[in-house]
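Please keep the sequence and the picture at hand.

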Amino acid sequence: MQKFTKIQSTAVPLPMEDIDTDQIIPARFLKATTREGFGDNLFRDWRFNRDGTPKADFVLNNTMYSGQILVAGRNFGCGSSREHAAWALADYGFKVVVSSFFADIFRGNALNNGILPIQVSQEDLHTILTAIEQEPTTTFEVDLEKQSFILPGTSLAISFEIDPYKKMCLLNGYDDLDFLLSKRKQIEAFEAQQLVF
Amino acid sequence: MGKTLFDKIWESHVVDQVDGGMEILYIDRHYIHEVTSPQAFDGLRKRDLPVFRTDKTVGTADHNVPTKNQHLPIVEELSRFQVAKLHENCEAFGVELYGLGHPYQGIVHVIGPELGLTRPGMTMVCGDSHTSTHGAFGCIAFGIGTSQVEQVLATQCLLQKRPKRMRITIDGVLQEGVLSKDIILYIISQLTAAGGTGYFVEYAGSAIRSLSMEARMTICNMSIEMGARGGLIAPDTTTFEYVKGREFAPKGAKWDQAVTYWKTLYTDEDAIFDKEYRFKAADIGPMITYGTNPGMGISVSDEIPSASTGGSFDKALNYMGFQSGEVLMGKPIDYVFIGSCTNSRIEDLRIVADYVKGKQKAPHVQAMIVPGSKQVEAQVKREGLDRIFQEAGFDFREPGCSACLGMNEDKVPAGAYCVSTSNRNFEGRQGPGARTILASPLMAAASAIAGKIIDVREQLN
Ligand code: SF4
């Protein structure tokens with residue numbers, strides 16, 4: 001996994017609520033057996049017409065907006081556990097997703113793929129979205145070490161929460177498997193005393 | 001202070017605690033399928049790791065498989081490749097596979113319970129969010145992503161933060177024509193699609209206790225649709241009776257020991273939940289959804305409410321072609337899909353058969369019934385239900401996920417209305433532009449016959 005430290009980037013606004021993983025990557029694109037290439041079909045049915053032409057009114061097709069930060073409405077990533085949703089976002093180039101609420105499985109999948117989910121209050125979400133709407137080139141600064149999301153030169157400075165273990169993983173590019181493999185002895189000792197029915 | 005059922009099971013599976021509150025949780029059973037496992041096996045190859053506990057891992061092919069002519073090679077190339085990959089991986093890593101053509105093949109959440117692989121007190125995971133289904137047996141079961149599939153394959157463990165506990169109690173007696181699917185759709189409509197996020201739910205109360213295992217599975221299955229990691233129901237005689245004698249269930253003295261242990265699996269009276277809800281069974285009507293998430297549900301005779309969340313709500317109604325204030329009874333429909341890990345078990349299909357026997361589906365409706373597993377299919381045939389379905393004009397197919405997610409060729413066309421017994425009415429879930437109305441198997445059967453949405457209560461007397 002790639003290390004995550006700090007980024008400075010513009011952001012893409014997608015204020016819709018309850019964006020489920022079927023929208024992020026529809027099921028018919030889950031037939032690949034590798035992790036790469038899902039970015040092409042990110043938000044497929046919102047982004048493209050059925051004949052493959054881009055839908056002009058979808059934000060990813062609007063050249064005014066770009067960047068490594070996606071700012072989305074409440075309950076982002078609900079629905080299916082497909083990690084393909086996180087792969088698609090990462091493959092497209094997103095490193096941070098900001099929302100006022102994340103679905104559990106998506107949050108975990110994002111963290112396991114070097115994407116930082118930043119949960120902010122509904123009010124802050126509104127402020128961020130307004131800032132982008134007024135000025136699409138607005139550049140935000142995300143510092144994982146300091147756990148801060150700021151808009152330089154303004155009063156917007158959010159300190160976000162992240163599990164300390166997960167933070168360490170992101171900063172160092174470690175994943176859970178490295179950690180679990182190091183616990184092999186304890187796992188075997190656990191098995192030896194477990195009663196299974 | 002007493003403990004919740006959830007905590008009792010969880011604590012008996014903690015291998016170690018990690019700084020910051022994460023725990024290493026041991027997993028007793030790992031189900032895998034073709035869609036979310038290939039990248040995990042590749043990960044093992046990259047690190048040169050074996051599957052740590054092959055005896056705790058079972059695979060099946062379900063998401064991608066055709067539901068016609070399963071004895072022939074899969075026509076669609078990518079699906080064929082993905083299913084072949086699963087065979088190849090299971091073979092190479094020594095994992096038991098109930099693949100296409102195997103008498104145990106089926107939707108992963110249908111076959112685990114029917115084979116007795118799912119049992120009380122266990123922890124179980126699968127790269128699929130509806131793993132919550134298995135909680136009906138009084139176990140901790142939840143969906144995971146592919147990186148975690150790899151972790152469990154490699155170590156039989158996961159790093160987890162313990163969720164909060166919620167209890168939802170439903171007391172009383174259900175109205176006639178109201179099934180467990182209606183209970184869960186009602187709960188989600190009350191709590192919203194995000195109302196359970198961060199929680200593990202225990203379902204309790206007299207209405208839950210009186211349900212069969214199949215009906216309990218339907219409820220636990222949809223826990224994820226309110227954002228909960230999973231849901232569970234304390235095991236009781238109904239549970240033990242269901243498990244007893246199944247292929248992989250404990251036998252003889254081991255069975256007696258198991259039951260003795262399983263009887264300790266309940267929430268202590270003085271245990272405290274982080275959140276509690278109580279509902280009355282009698283308040284629940286036959287439910288249908290009108291929007292594009294499972295929280296957007298109403299009793300069939302109710303009006304569609306007006307905007308609660310602004311833009312997203314309007315977008316959903318627009319997609320569905322519905323309006324606030326509209327009543328959906330009488331609305332013509334085009335498709336009926338009876339199947340999915342929510343409602344494709346033998347009991348569901350018996351309910352459908354019982355209703356459609358001697359009736360005819362409306363001519364303009366395409367009605368499809370997809371059994372959850374080879375074993376369900378065989379049972380349907382033994383009982384002669386397939387004939388009833390055919391005579392009523394329903395297309396009875398072979399097992400798989402099918403039109404629940406439209407990864408194979410079973411799709412609903414753009415703009416068409418489909419009354420579906422599955423669990424998700426997301427935009428495009430059943431095919432690009434498809435409009436899904438979630439309902440119980442009974443409501444789906446009744447809609448197929450009537451050709452429109454009706455209140456099934458009016459038909460039963
Ligand atoms: S039936 Fe539908 S919800 Fe269930 S496992 Fe298959 S795709 Fe997922």
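This is a predicted model: local features need pLDDT of at least 70, side-chain atom pairs count only at pLDDT 80 or more; totals for chains, interfaces and linings use all residues.

The dialogue below goes through a sheet, an interface and some salt bridges.

Q: How do I read a sheet, and what is the order of the strands in the open sheet of chain B?
A: Strands of a sheet pair through backbone hydrogen bonds, either parallel or antiparallel. Strands (E, at least two residues) and helices (H or I, at least four) are DSSP runs numbered from the N terminus, and two strands pair if DSSP finds at least two bridges between them. Here the open sheet has 3 strands in the order 1-2-8, with antiparallel pairing. Strand 1 (14–17) and strand 8 (157–161) of chain B each have a single partner strand, so one side of each is left without a neighbour in the sheet. Strand 2 (residues 22–26) of chain B pairs with strand 8 of chain B over 5 bridges, and B:Lys161 in strand 8 is the bridge partner of B:Met22.

Q: How is the size of an interface given, and how much area do chain A and chain B bury between them?
A: The size of an interface is often given as the accessible area lost when the parts come together. Buried area is taken with a 1.4 Å probe and summed over both parts; chain A and chain B bury about 5,300 Å², 59% of it on carbon and sulfur atoms. In chain A, A:Lys31, A:Thr33 and A:Phe197 lose the most area to chain B, together 17% of what that side buries. Counting contact as heavy atoms within 4.5 Å, the interface takes 56 residues from chain A and 74 residues from chain B.

Q: What is a salt bridge, and how many does the rule find across the interface of chain A and chain B?
A: Side chains of opposite charge can pair when their charged atoms come close. The rule asks for a side-chain nitrogen of Lys or Arg within 4 Å of a carboxyl oxygen of Asp or Glu, and it finds 8 salt bridges across this interface. One of the salt bridges joins B:Arg47 to A:Asp175, with the closest N and O atoms 2.9 Å apart.

Methods:
Residues are numbered from 1 along each chain as its sequence is written. Chains are lettered from A and ligands numbered from 1 in the order in which they are written. Side-chain values use heavy atoms; hydrogens and water are left out. Buried area is the accessible area (1.4 Å probe) that two parts lose on being put together, summed over both.
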